[in-house]
Amino acid sequence: MVLNRAVKESFAASCREGKVTHAYIIEGARGVGKMDFALYAAQLIFCTSASAPCGVCAQCRKILSRAHPDVYFYGGQNSVTVSDARRMIRDSVISPNDGDRKVYIIENADKMNAAAQNAMLKIFEEPPDPVVFFLLAERRDMLLPTVVSRCRTITISGMDEDEILAELTARYPRRSREQLAEAARLCGRSIGEAEELLGKDGIAEMKRAYDFMRGYFGAADRYALYVSVMGGRQKRDSNQLFLLLLCDAFTDIMRVKCGYNHCTVLSVQEAAGYSRAVTLRSASAAIRIIQDAYAAITDNGNYNAVMSDMIVRLLAERKQYGQNR
């Protein structure tokens, strides 16, 4: 199965017609295949086979192993900085090493601050001929309008539950049908999310996140919310995944409030129901509170103390919004 087949075929047609532009925003929810698409596009650009991308020539193999000298990766764990942007600008004018193109793949492009984005504008306004940028972003609206206007946007959508189940079955032949089906059902149309659920006690953490969201929007008190987060407290990886899922759930609510009809963790119906209880500002504030808890857990903070602080702050946010309704 080829993930995101339609958008890949469209990009392949652009390559055949010589219509590849200098910069693309690859937009989609976490785990839907943005990097998969960028690597596919890079193979199309460099592949030497008549049936590109072949996946077996030297160029394709180097790209898939992330060892191609003319394919650069930025913004994985850390956001791209102004220094990174300036480095890309300096490097972009140097001739390619192993072909006639250079490709830059920037993960989490929507996490770049305004200074870094403005630094990138220089190369978007006057791009060297052989350079192609792929900016991977969950939310295009977090990028500066001046950046968006100089890029072509490709939207990566999620897969149907049956498609995800078929893909998981092929990738994990030793996992039980029940586990795979549960991951496909809970992953919010994201193959990456499904794999994460399979790999880190994920289904249990997804259920824990559901319980928390139901309690929070059901006006549960501090003690009830605290009880809902206590499962798995000895496993840092599980707690990190739980907090990421909470962030994604509030992001789903923001998506629905902004008119999008796809979600990552919640169903569209659940997100729509919860969205009536919050504003965009309060949902964004909740995400920041949860991100603070994630950072504290990552830094080996005391789990009980971190969760207690998070719940107190979230309840204060809920109370403040309730008073202003």
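**Close-up 1. Contact of helix α1 with helix α2 in the predicted model.** Val7, Lys8, Phe11, Ala12 and Cys15 of α1 meet Asp36, Phe37, Tyr40, Ala41 and Leu44 of α2; contact means heavy atoms within 4.5 Å. These residues divide into eight nonpolar, no polar and two charged (nonpolar: Ala, Val, Leu, Ile, Met, Phe, Trp, Tyr, Cys and Pro; charged: Asp, Glu, Lys and Arg; polar: the others, Gly among them). Residues are numbered from 1 along each chain as its sequence is written, and side-chain values use heavy atoms, without hydrogens and water. In this predicted model, local features need pLDDT of at least 70 and side-chain atom pairs count only at pLDDT 80 or more, whereas totals for chains, interfaces and linings use all residues.

**Close-up 2. Packing geometry of α1 and α2.** Helix α1 (residues 5–16) and helix α2 (residues 34–46) have axes 10 Å apart, at an angle of about 25 degrees. The two are therefore roughly parallel (angles under 35 degrees). Their crossing is right-handed (the near helix is turned clockwise from the far one by less than a right angle).

**Close-up 3. The largest nonpolar core.** Such a core is a set of buried Ala, Val, Leu, Ile, Met, Phe, Trp, Tyr and Cys residues joined through side-chain atoms within 4.5 Å, where buried means under 20% relative accessible area (1.4 Å probe, protein chains only). Among its 56 residues, Phe212, Phe250, Met307 and Met310 touch the most other members. Helix α12 (236–257) is one of the elements giving two or more residues, and the largest share, eleven residues, comes from α12.

**Close-up 4. Surroundings of Met307.** Beyond its neighbours within four places in sequence, Met307 contacts Tyr226, Val229, Phe242, Leu243, Ala293 and Ile297. A second, separate core of 26 residues includes Ala12, Ala29, Phe37 and Leu136.

Methods:
Axes are lines fitted to C-alpha atoms, for helices over the stretch in contact, and angles run from 0 to 180 degrees between N-to-C directions. Helices (H or I, at least four residues) and strands (E, at least two) are DSSP runs, numbered from the N terminus. Angles under 35 degrees count as roughly parallel, over 145 as roughly antiparallel, 65 to 115 as roughly perpendicular and the rest as oblique. Buried means under 20% relative accessible area, exposed over 50%, partly exposed in between (1.4 Å probe, protein chains only).
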